[in-house]
Amino acid sequence: MLAGALYDNEDLPNQAPIPTNLVTEEMELVFIKTSYSNYAREIEEHLPGRHWHITFNRDWGSDFQAVAYKNMQGFWDVKVDGDLPIELEQEKLLQLCPTYPVICTVRRRVEAEEAFDSFILRVKELYKQL
C-alpha cells in the first residue's frame, strides 16, 4: 500500500497513535520502520502500466471516463477514454483543450479528478452554445 501511494505521488498516511487504554502490560509495542528503497526494484517492475479510471456520470445517462497513465517524468497524463456523450466537432474540442484527447498532466489523482470534472462542465457549456 505504501509503495503504491508513493508511486501514485500521494501522501503517505500519518502515524496512528495507539490509545493507551488499549495497551496492557502483556503487550510489547514495536516500532516498525518502513522504506520504499527496499522495494524500489520490485515496484519498478510491477507498477508500470498502472492507471486510473476517472468517471463522470452527472446529468448523462451513461458514464463518461478518462484514464490517467504515468508518463516518463513521473506525472499522470489524463486522457479521454472513448467518445464524448455528445457530438462536438474536433475543431471545437481543440479550441477548448488544445491537447485533446489528453486533458491535462497532473501530479495527484485528486487533481486529475478536478481537471476532468472541469473539462466535462466546459464541454457541456460549449454544447449549450451550439
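Visitor: Why does Trp52 count as buried?

Guide: A word of caution to begin with: this is a predicted model. The relative accessibility of Trp52 is 5%, and buried means under 20%, so Trp52 counts as buried.

Visitor: And what makes Trp76 buried or exposed?

Guide: Trp76 has 0% relative accessibility. The cut-off is again under 20%, so Trp76 is buried.

Visitor: How many aromatic pairs does the structure hold?

Guide: There are two aromatic pairs.

Visitor: Why is the pair of Trp52 and Trp76 called stacked?

Guide: A pair of aromatic rings is described by the distance of the centres and the angle of the planes. For Trp52 and Trp76 the centres are 4.2 Å apart and the planes stand at 25°. Pairing needs centres within 6.5 Å, and stacking needs planes under 30 degrees apart, so these two rings form a stacked pair.

Visitor: Where in the chain do Trp52 and Trp76 lie?

Guide: Trp52 is in strand S1 (residues 51–56), and Trp76 is in strand S3 (residues 76–81).

Visitor: What makes Tyr100 and Phe119 a stacked pair?

Guide: Their ring centres are 6.1 Å apart, and their planes meet at 25°. Both values meet the limits of 6.5 Å and 30 degrees, so Tyr100 and Phe119 are stacked. This pair, too, links distant parts of the chain: Tyr100 is in the loop between helix H3 (90–96) and strand S4 (102–106), while Phe119 is in helix H4, 19 residues apart. Both residues are buried.

Visitor: How do you know that Cys97 is in no disulfide?

Guide: The structure holds zero disulfides. For Cys97, the nearest cysteine sulfur belongs to Cys104 and is 7.9 Å away.

Visitor: What makes Arg109 and Glu113 a salt bridge?

Guide: Side chains of opposite charge can pair when their charged atoms come close. Between Arg109 and Glu113, the closest N and O atoms are 3.0 Å apart. The cut-off is 4 Å, so the contact counts as a salt bridge. The structure holds one salt bridge. Both residues lie in helix H4 (residues 109–129), four residues apart, about one turn of the helix.

Visitor: Why is Arg109 called partly exposed?

Guide: Its relative accessible area is 28%. Partly exposed lies between the 20% limit for buried and the 50% limit for exposed, so Arg109 falls in that class. Glu113, at 34%, is likewise partly exposed.

Visitor: How do you know that Leu29 is exposed?

Guide: Leu29 has a relative accessible area of 55%. Exposed means over 50%, so Leu29 is exposed. Leu29 sits in the loop between helix H1 (2–7) and helix H2 (40–46). Together with Ile18, Val23 and Met27, Leu29 makes a nonpolar surface patch of about 370 Å².

Key: Residues are numbered from 1 along each chain as its sequence is written. This is a predicted model: local features need pLDDT of at least 70, side-chain atom pairs count only at pLDDT 80 or more; totals for chains, interfaces and linings use all residues. Side-chain values use heavy atoms; hydrogens and water are left out. Patches are made of residues with over 30% relative accessible area and no salt bridge: like charges are joined within 9 Å, nonpolar side chains (Val, Leu, Ile, Met, Phe, Trp, Tyr) within 5 Å. Accessible areas come from the Shrake-Rupley method with a 1.4 Å probe; for residues, only the protein chains shown count as cover. A salt bridge is a side-chain nitrogen of Lys or Arg within 4 Å of a carboxyl oxygen of Asp or Glu. Helices (H or I, at least four residues) and strands (E, at least two) are DSSP runs, numbered from the N terminus. Buried means under 20% relative accessible area, exposed over 50%, partly exposed in between (1.4 Å probe, protein chains only). A disulfide is a pair of cysteine sulfur atoms within 2.5 Å. Rings of Phe, Tyr and Trp (its six-membered ring) pair if their centres lie within 6.5 Å; planes under 30 degrees apart count as stacked, over 60 as edge-to-face and the rest as tilted.
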